[in-house]
Amino acid sequence: MPELSRTARLDVLVEGYVRMPHVAGTVSLVRDADRVVIVDPGMVSDRDLILAPMRELGVRPEDVTDVVVSHHHLDHTLNVALFPVVPVHDFQSVIEGDMFTRRAAEGTQLTPGIRLLATPGHTPQDITTLVGTPDDVVALTHLWWTEEGPADDPYSHDRDELRRQRERVLDLATLVVCAHGAPFRPGPATVR
């Protein structure tokens with residue numbers, strides 16, 4: 001696999017949270033080469049929480065070229081339709097409009113600085129988006145809800161696989177943008 005280019009720009013548009021009954025997923029914007037990628041456009045209390053930061057960054061919904069969903073829970077997919085019909089990447093396919101093209105996510109290189117990895121853990125269908133920025137290799141992932149874990153993800157069907165995938169991502173990433181909390185820098189105390 002080619003080395004990840006360090007040319008991408010990452011902006012976290014919405015920092016996710018779980019404060020039952022309120023849930024929001026982390027929504028990110030990644031720009032590299034000629035691609036404008038939204039990762040996990042899911043549940044938020046108001047769609048303008050996604051659109052307003054995009055406007056501030058000079059990005060319009062119609063500028064988006066790709067959407068990536070880490071898995072198919074509503075808190076990560078609910079707002080896909082905010083964007084034009086563009087390729088939507090998941091663990092097994094690329095969907096554009098009504099066209100379904102089967103393709104495994106593992107190793108898919110969207111741009112020199114954006115790569116998809118199959119990382120089953122939270123669900124068997126999870127993927128992680130690796131982003132090479134000038135400062136970091138960033139993992140946008142649901143392997144961690146927050147920096148604290150949970151260590152035993154209540155949705156995981158295979159705790160050992162979750163551990164393996166966490167280790168794999170920690171070997172690659174210097175920054176983790178997790179699904180429902182603030183980004184964090186992995187260290188010895190990071191939940192595995």
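Which residues is Q165 in contact with, leaving aside its neighbours within four places in sequence? In this predicted model, local features need pLDDT of at least 70 and side-chain atom pairs count only at pLDDT 80 or more, whereas totals for chains, interfaces and linings use all residues. Residues are numbered from 1 along each chain as its sequence is written, and side-chain values use heavy atoms, with hydrogens and water left out.

Q165 is in contact with A118, T119, P120 and L143, its neighbours within four places in sequence being left aside; contact means heavy atoms within 4.5 Å. The residue belongs to helix 3. Helices (H or I, at least four residues) and strands (E, at least two) are DSSP runs, numbered from the N terminus. Q165 counts as buried because its relative accessibility is 9%; buried means under 20% relative accessible area, exposed over 50%, and partly exposed in between, with a 1.4 Å probe and protein chains only.

Helix 3 has 14 residues and spans 20 Å from its first C-alpha to its last, close to the 20 Å expected at 1.5 Å a residue. The expected span is 1.5 Å times one less than the number of residues in the helix. The buried residues of helix 3 are R159, E161, L162, Q165, R166, V169 and L170, and they pack against strand 11 (114–118), strand 12 (127–132) and strand 13. At the N-terminal end, helix 3 is capped by D158, a side-chain oxygen of which lies 3.2 Å from the backbone nitrogen of D160. For a polar contact, a pair of N or O atoms must lie within 3.5 Å; within protein, one must be able to donate a hydrogen and the other to accept it, and residues adjacent in sequence count only if both atoms are side-chain atoms.

The largest nonpolar core has 17 residues, of which L13, I38, I50, M54, V64 and V67 touch the most other members. Such a core is a set of buried Ala, Val, Leu, Ile, Met, Phe, Trp, Tyr and Cys residues joined through side-chain atoms within 4.5 Å. Two or more residues of this core come from each of strand 1 (9–14), strand 4 (27–32), strand 5 (35–39) and helix 1 (48–56). Helix 1 gives the largest share, three residues. In soluble globular proteins, nonpolar side chains tend to be buried together. With residues up to four places away in sequence not counted, I38 touches L13, V27, S28, L29, M54, V64, D66, V67, V68 and F83.

V37 is located in strand 5 and is buried because its relative accessible area is 1%. P61 lies in the loop between helix 1 and strand 6 (66–68) and counts as partly exposed, at 24% relative accessibility. Apart from its neighbours within four places in sequence, P61 is in contact with L51, M54, L82, F83 and P84.

Two aromatic pairs were counted. Rings of Phe, Tyr and Trp (its six-membered ring) pair if their centres lie within 6.5 Å; planes under 30 degrees apart count as stacked, over 60 as edge-to-face and the rest as tilted. W144 and F184 form an edge-to-face pair, with 5.9 Å centre to centre and 80° between the planes. W144 is in the loop between strand 13 (137–140) and helix 3 (159–172) and F184 is in the segment after strand 14 (175–177), so the pair ties together parts that are 40 residues apart in sequence. W144 and F184 are both buried. R19 lies over the face of Y17, 3.9 Å from the ring centre; a charge sits over a ring if NZ of Lys or CZ of Arg is within 6 Å of the ring centre and within 35 degrees of the ring normal.

Most residues other than glycine have a negative phi, and most peptide bonds are trans. A cis peptide bond joins M20 and P21, with omega about 10°, and P21 is in the loop between strand 2 (17–19) and strand 3 (22–24). G149 and P150 are also joined by a cis peptide bond, with omega about 5°. A33 has a positive phi, near 55°, and D40 has a positive phi near 60°. A33 is exposed, with a relative accessible area of 66%, whereas D40 counts as buried at 8% relative accessibility.
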